[in-house]
Amino acid sequence: MPVLTIDNQKVEIEEGKTILEAAEKIGIEIPTMCFLKGFKPSTSCMICVVKVEGKASFVPSCATIVEDGMIVQTRSEEIDLARKAALELLLSDHLGDCMGPCHVTCPANMNIPLMIRQISRGKLKDAIVTVKKDIALPAVLGRICPAPCEKACRRDSLDEGVSICLLKRYVADVDLDSKNPYLPKCKEKKNKSVAIIGAGPAGLAAAYYLAQDGFDCTIFDEHEKPGGMLQYGVPENELPRDILDKEIALVEKLGVKFKLKTRIGTNITLEDLRKDFDAIFIATGKLKSDADSMGLQTKANAIIIDSQTYQTNIPGIFAGGDVVRKRKVSVRAVADGKEVSIAISQYLSDEKVTGPAKEFNTRIGKLSAEEVVKFMSGHNDFPRLKPSGQYDGFSEEQSVKEAARCLHCDCRKPVNCKLRKYSEQYNAKPNQYKGENRSFVQLAEHSELIFEPGKCIDCGLCIEITSNAGEKTGLAFTGRGFKVRVAIPFGRSILDAIKQTSTAKECVKACPTGALSFKISDGDK
């Protein structure tokens with residue numbers, strides 16, 4: 001049997017096997033998109049390229065047969081750049097949103113589409129987990145958030161955007177009124193402590209997430225009650241204080257301690273806190289006049305921070321919320337609290353402090369009126385629901401009906417999409433190359449799946465699967481040259497192309513992007 005060397009590891013494998021198979025045998029993963037075991041390699045994506053000593057150019061590992069004495073390299077800067085370029089070429093005419101416009105626009109980066117689908121299916125316990133993964137005070141924000149997500153809703157260009165804030169409020173209110181409101185599990189205590197200056201939205205959110213990570217948190221505030229501007233600046237009719245108090249109580253149940261009527265600089269100094277705590281987060285809501293005396297760099301009446309990590313010029317001291325910006329938007333302050341908790345956790349864990357990772361995303365962009373109508377195909381045309389009173393929320397029936405207005409703009413396979421996974425891994429840029437301007441098409445006649453040609457990379461796997469399954473119409477390549485596309489032949493529908501449920505499942509599983517996906521999906525869940 002041939003013996004070859006892959007990344008300095010010897011491997012013996014049967015005649016006729018490929019480099020990809022040999023690498024897999026010794027636990028080396030080579031990325032693939034157009035390859036599927038049991039099918040003839042098409043070598044169309046060129047993501048699996050490797051370097052073979054003695055060959056002038058890269059070779060596709062999925063189709064290159066091993067030879068005795070072959071020396072293979074699967075990772076190097078040169079190979080990574082080649083894979084990155086291949087991915088960027090595939091992305092150049094990719095037409096699809098990884099994340100819905102509402103998700104992208106939300107300052108807290110909440111997975112709004114997932115929450116909406118969970119509401120529509122009555123899965124409120126799952127929905128509150130989704131919400132509080134990113135928003136620590138959803139019942140509060142469901143009442144006072146300016147809702148930038150609703151303005152970004154794709155449906156807003158057709159009639160009116162989905163009432164996202166009221167849906168979030170409904171989920172949170174139902175949870176608060178339950179016997180056992182949701183409390184996330186906390187990790188094992190790490191014997192590290194954080195002092196949080198300010199019990200407003202940023203400070204409360206930071207404590208909520210840091211406590212889950214196993215850190216002891218103490219919030220200091222000069223007022224009699226916690227809440228900051230939520231407690232003392234928002235009218236009662238807009239934000240009932242019992243709602244605020246209930247959400248703060250859930251933060252406290254995680255083990256967060258409050259030291260109220262305590263002003264930093266008067267009752268206790270910043271230096272005292274530095275001695276007693278391992279990290280400090282300044283979230284006072286407004287820059288105090290004594291900031292300079294603390295040694296913090298300021299500019300235009302705000303503390304200067306690293307925008308990605310929230311670090312100040314003093315090691316171990318972080319700042320966020322309105323103390324670093326003047327926008328005074330609660331959802332942004334809550335988002336700051338969540339994001340700074342990640343940076344503080346990294347700092348206290350002796351990791352490189354990079355702050356929250358940015359998710360890879362491609363965007364369709366603005367659709368034409370005709371394309372929006374296509375997006376609406378198969379969705380209801382209910383008008384936006386409005387509660388009877390100005391400060392009222394949704395009933396159960398209203399929430400389900402309003403949730404059904406969502407167009408499901410986000411990808412149905414955000415986790416299992418190989419194009420997204422490898423683009424993030426190799427830092428591929430979606431707009432590096434300008435490809436053909438493709439029009440949005442969504443074929444949804446099938447009862448189980450949806451075909452979106454704009455997301456297809458033309459790997460041909462679905463063509464082989466439908467052929468092997470004996471589908472009478474199936475799928476096929478159409479066009480010539482650069483115009484070759486996977487399509488349904490003879491002008492037939494996707495329902496004609498894939499009739500068998502087993503074929504549908506196999507095609508969706510094999511598709512390396514979200515081009516073929518199931519209609520009912522919680523995003524790979």
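Biologist: Why is E402 called buried?

Modeller: Buried means under 20% relative accessible area, with exposed over 50% and partly exposed in between, using a 1.4 Å probe and protein chains only. The value for E402 is 0%, so E402 is buried. This is a predicted model, where local features need pLDDT of at least 70 and side-chain atom pairs count only at 80 or more, while totals for chains, interfaces and linings use all residues. Residues are numbered from 1 along each chain as its sequence is written, and side-chain values use heavy atoms, leaving out hydrogens and water.

Biologist: Where is E402 found, and which residues is it in contact with beyond its neighbours within four places in sequence?

Modeller: You can find E402 in helix α15 (residues 396-403). Contact means heavy atoms within 4.5 Å. With those neighbours set aside, E402 is in contact with G161, V162, S163, L167, P383, R384, L385 and F394.

Biologist: What makes a stretch a helix or a strand, and how many of each are there in the protein chain?

Modeller: Both are DSSP runs, numbered from the N terminus: helices are H or I with at least four residues, and strands are E with at least two. By that rule the protein chain has 19 helices and 16 strands. Of its 525 residues, 54% count as buried.

Biologist: Which residues of helix α5 are buried, and what covers them?

Modeller: In α5 (residues 124-132), the buried ones are A127, I128, T130, V131 and K132. Their cover includes α4, α6 (138-144), α8 (164-176), α9 (201-212) and α11 (241-253). You can look at helix α16 (residues 418-425) in the same way: L419, R420, Y422 and S423 are buried there, and their cover includes α2. After α16 comes N427, with a positive phi near 55 degrees.

Biologist: How do you know that β1 and β2 pair?

Modeller: Two strands pair if DSSP finds at least two bridges between them. Strand β1 (residues 3-6) has four bridges with β2, in the antiparallel sense, so the two strands pair. For example, L4 has V11 in β2 as its bridge partner.

Biologist: In what order do the five strands of the open sheet lie, and why do β2 and β4 stand at the edges?

Modeller: The order is β2-β1-β5-β3-β4, with mixed pairing. β2 (9-12) and β4 (59-60) each have a single partner strand, so one side of each has no neighbour in the sheet. Helix α2 (residues 77-91) lies across β3 (49-52) and β5 (71-73).

Biologist: What makes a space a cavity, and how many are there of 30 Å³ or more?

Modeller: On a 1 Å grid over the protein atoms alone, a cavity is a set of points where a 1.4 Å probe fits but cannot get out, and lining residues have an atom within 4 Å of a point. The count is five cavities of 30 Å³ or more. Of its 14 lining residues, C102, C153, R154, C406 and C409 are the closest to its centre. Helices α3 (101-105) and α4 (112-120) each supply at least two residues of that lining.

Biologist: And how much space lies in the second largest cavity?

Modeller: About 100 Å³. It is lined by 14 residues, and C456, C459, C462, C511 and P512 lie nearest its centre.

How values were computed. 1 Å grid on protein atoms, 1.4 Å probe; cavity = no way out; pocket = protein on both sides within 12 Å on 5 of 7 lines; lining within 4 Å. Points joined across faces, edges and corners; volume = space filled by probe spheres on them. Axes fitted to C-alpha atoms, helices over the stretch in contact; angles between N-to-C directions.
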